[in-house]
Amino acid sequence: MKNIEHIAVFTSGGDSPGMNAALHGVAKTAEINNIRLSGFRKGYEGLIDGDMVQLDSNELKKWVHRGGTLLKTARSKGFLTLEGRQQALANLQKNKVDALVAIGGDGTFKGLLAFSEICDLPFIGVPGTIDNDLAGTDFTLGFDSAVNTAIENIDKIRDTAESHNRIFLIEVMGRDCGYIAIHSGLGTGADAILIPESAQDFLQLLENAESYDREDAFIAIVSEGDELGAELAASKIKEINPDVDLRITKLGHVQRGGNPSAFDRMLGIRLGVTAVEALLLGRRNAMAGILNNELCLTPFDQVVKEHQVNDELQNLLKIFGSKN
Ligand SMILES: Nc1ncnc2c1ncn2[C@@H]1O[C@H](COP(=O)(O)OP(=O)(O)O)[C@@H](O)[C@H]1O
Ligand SMILES: O=P(O)(O)OC[C@H]1O[C@](O)(COP(=O)(O)O)[C@@H](O)[C@@H]1O
């Protein structure tokens, strides 16, 4: 095994609060092991363009509390092509990079799997996505912060919803999965939660909306990945209850921004440190994660999207979605 003298790190896919803390964890661990650390800007785009900067933990410590990513991020069409990946490889070789740390979501790790077909360097991933849709970790970086942001905003909507006795359909993020919807819905006492993993919840919503008595607010959280979506759900409710006073709010990208929660800062630090330590132990092509509060590594090919909502959450949805 070649000695690791130079590590490069990048952030990729949707940004998420806690990515900067992970960068700091990577930087500090590289520093105490006398390893040079570089960062590629704008995810895979930076690898293709050779957009590399030196990283320093003294600078990064000032970013631990900030959302977004100091290194910037991107969704790269170029890296989906073999030519793009070959260009990225040439840049890594030119800069004598010995190992890569990638902070991103499942797309980023699929990218690394494709890259590993032409590039023999060791890669370690850190799960950074607000969606919490990766196997191999109970929590991804940014999920906790995004749920807190969603909750803060849903609480505010409840004030006005209750004042007017209105129905509100509030759309939260989660491209293909309902974790943000479940956590923010349960945490705000929502009357219904619609997620892509279940069709049953919509029937429950209709049933509840049918008996909605206009003497109270009615709040439904709709995951953006839900088959129906907020607009269609709203029109179905109007079909059965035409005079209903209904509003739709999409929380949108506000959920991705803001300072990371204490949990995400600590998770970022822990996973960043673990990533570099794993490389030093000779590990490769795996994602650092946290399962039952234990740090662990899971091979990329097992880190596929986890659309299943576990039994405990299913049970909670059933209990809290039922009528009184
Ligand atoms: N199968 C693949 N082969 C090569 N690169 C990929 C593949 N899937 C995703 N990528 C790269 O990873 C980037 C990030 O993935 P994306 O799904 O946008 O975000 P995330 O990593 O947050 O899930 C994509 O823009 C693309 O450049
Ligand atoms: O910012 P964009 O490109 O519009 O993407 C929005 C998507 O990114 C997310 O915020 C995060 O997804 P990823 O972390 O997997 O990129 C999703 O919840 C949402 O569907």
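1. The chain is divided into domain 1 (6–142 + 260–303) and domain 2 (145–256), with bounds that come from an automatic or database domain assignment. This is a predicted model, in which local features need pLDDT of at least 70, side-chain atom pairs count only at pLDDT 80 or more, and totals for chains, interfaces and linings use all residues. Residues are numbered from 1 along each chain as its sequence is written, while chains are lettered from A and ligands numbered from 1 in the order in which they are written.

2. Taken over C-alpha atoms, the centres of the two domains are separated by 34 Å. Contact between them involves 13 residues of domain 1 and 12 residues of domain 2, two residues being in contact if their C-beta atoms, placed from the backbone, lie within 7 Å. The side of domain 1 that touches domain 2 comprises 3 nonpolar, 6 polar and 4 charged residues, where Ala, Val, Leu, Ile, Met, Phe, Trp, Tyr, Cys and Pro count as nonpolar, Asp, Glu, Lys and Arg as charged, and the others, Gly among them, as polar.

3. Ligand 2 lies between the domains, because domain 1 and domain 2 both give residues to its shell. The residues around ligand 2 include G13, G14, D131, R175, E224 and R256, a residue being near a molecule or strand if its C-beta atom, placed from the backbone, lies within 6 Å of it. By class, the shell around ligand 2 has 2 nonpolar, 5 polar and 4 charged residues.

4. Ligand 1 is surrounded by 17 residues, of which G13, G105, G107, T108 and G111 are the closest. Helix α5 (residues 106–115) gives the most to this shell, with 6 residues; helices (H or I, at least four residues) and strands (E, at least two) are DSSP runs, numbered from the N terminus. The shell around ligand 1 divides into 4 nonpolar, 10 polar and 3 charged residues.

5. An open sheet of 7 strands runs in the order β3-β2-β1-β4-β5-β10-β11, with mixed pairing, and two strands pair if DSSP finds at least two bridges between them. At the edges stand β3 (52–54) and β11 (294–299), each with a single partner strand, so one side of each is left without a neighbour in the sheet. Within the sheet, strand β5 (residues 123–127) and strand β10 (residues 286–291) run parallel and are joined by 2 bridges, and G125 stands opposite M287 in β10.
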